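Hello,

Here is the structure you were going to look at. My notes follow below it.

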Amino acid sequence: MSKGMPILKLGKHRPRYPLIQGGMGVGISGSRLAGNVAFRGAVGTIASVGLSHNSPYLRDEKMNYFDANEIVIKEVLREARNIAGPEGVLAVNCMVALTDYDREVRAAAEGGADVIISGAGLPLRLPEYMKDFPDVALVPIVSSAKAASLIARRWERQYGRSPDGFVVETPATAGGHLGATTMEQVYDPALSIDTALPETVRFVAEEMKSDIPVIAAGGVWDRRDMERMFELGAKGVQMGTRFACTAEGDASDRFKQAYIDAKEEDVVLIHSPAGLPGRAIKNPFVAKYLEGEVDSNPCFANCLTHCRYRKTRETFCIAAALVDAFNGNWERGLFFCGSNVTKVDRLSTVQEILDDLFPEPPGP
Ligand SMILES: Cc1cc2nc3c(=O)[nH]c(=O)nc-3n(C[C@H](O)[C@H](O)[C@H](O)COP(=O)(O)O)c2cc1C
């Protein structure tokens with residue numbers, strides 16, 4: 001392995017590179033992106049949210065959305081495994097805020113996921129759902145050492161189990177839903193990676209007395225960024241935005257073009273119907289929403305436990321808007337992105353990203 005490069009251990013799983021491609025919903029990281037990333041030696045992550053949105057089970061067979069999700073998660077994992085091969089490390093990202101969270105994590109484990117990565121809420125009950133799958137590594141996403149501590153203590157007390165790692169994601173730069181409760185908190189120095197990452201590393205080493213990896217997410221683009229995270233104590237990095245605009249990325253060409261076109265002034269924060277801030281491209285839909293005007297598609301599937309659209313009809317159906325973005329509907333979609341979207345200037349490939357990050361061939 002390259003000099004000074006940490007070895008990332010996630011439970012029993014050891015990817016060749018200390019790199020996770022973050023889960024991106026709806027559909028942005030499906031079987032093709034995750035499978036290819038895993039095949040090439042990093043961790044490929046499928047986002048479980050809304051995967052059944054265009055499946056024949058829902059469309060033609062009129063199956064219940066939650067039943068269809070379970071089937072499709074397993075199908076997408078099978079496709080990804082066919083690409084990744086038996087050695088590839090495949091993760092599934094499941095959001096705690098989803099109504100069918102427990103069913104999704106079980107479906108992912110039954111479908112052969114090596115790792116479950118879970119945020120958008122604290123995954124306090126995850127070990128309960130995973131008790132029959134001891135080989136599946138469990139990795140919560142947190143934005144502070146305090147959240148990591150809450151999870152670790154609860155898991156220990158209630159289940160006698162430790163997390164297999166933490167992803168520390170900073171709301172200051174990351175894409176999608178952000179781990180902050182208010183807009184002001186997004187840029188709170190306490191949640192910056194320079195504070196939250198070393199604090200979590202210290203918590204793991206000194207209080208948990210553990211060597212589980214802490215993985216940094218948000219704003220990592222190149223090798224320099226990655227090495228800075230390693231200097232702060234990370235044993236791996238998770239990257240989303242850069243992987244979304246690859247040939248292997250599962251989104252439509254129009255979605256990827258929106259990334260290529262985005263300029264600094266186009267990247268904005270919005271209040272998501274899930275009650276969290278989110279970072280997105282200011283397209284016609286978001287521009288109108290920021291002015292207080294919104295014309296939503298109907299509720300998609302009661303997919304969130306707390307949804308401001310379902311409750312008050314004041315916002316919009318986020319699942320429908322994310323599916324529209326995935327399909328490339330520039331007028332009506334919600335194009336989530338990290339602040340690094342301004343660095344995307346062309347379509348790249350998974351191999352190009354890995355060559356840029358890891359120029360030396362990996363060791364034995
Ligand atoms: C389009 C998009 C969708 C995302 N969807 C999810 C998701 O479904 N669940 C999740 O935990 N994180 C989600 N994320 C966050 C990423 O997994 C990743 O942690 C984050 O984007 C890292 O920051 P970066 O984009 O600056 O590399 C999403 C990010 C993007 C850009």
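The ligand is surrounded by 30 residues, the closest being Gly22, Gly175, Gly176, Gly240 and Gly338; a residue counts as near if its C-beta atom, placed from the backbone, lies within 6 Å of the molecule. Please note that this is a predicted model: local features need pLDDT of at least 70, side-chain atom pairs count only at pLDDT 80 or more, and totals for chains, interfaces and linings use all residues. Residues are numbered from 1 along each chain as its sequence is written.

By class, the shell around the ligand has 14 nonpolar, 15 polar and one charged (nonpolar is Ala, Val, Leu, Ile, Met, Phe, Trp, Tyr, Cys and Pro; charged is Asp, Glu, Lys and Arg; the others, Gly among them, are polar).

The chain is divided into domain 1 (19–252 + 344–357) and domain 2 (254–341), with bounds from an automatic or database domain assignment. Both domains give residues to the shell around the ligand, so the ligand lies between them. Their C-alpha centres lie 21 Å apart. Across the boundary, 35 residues of domain 1 are in contact with 30 residues of domain 2, contact being C-beta atoms, placed from the backbone, within 7 Å. On the side of domain 1 that touches domain 2 there are 17 nonpolar, 15 polar and three charged residues.

Val115 touches Leu10, His13, Val43, Val89, Ala91, Val136, Ala137 and Val139, leaving out residues up to four places away in sequence.

Regards

Notes. Contact = placed C-beta atoms within 7 Å.
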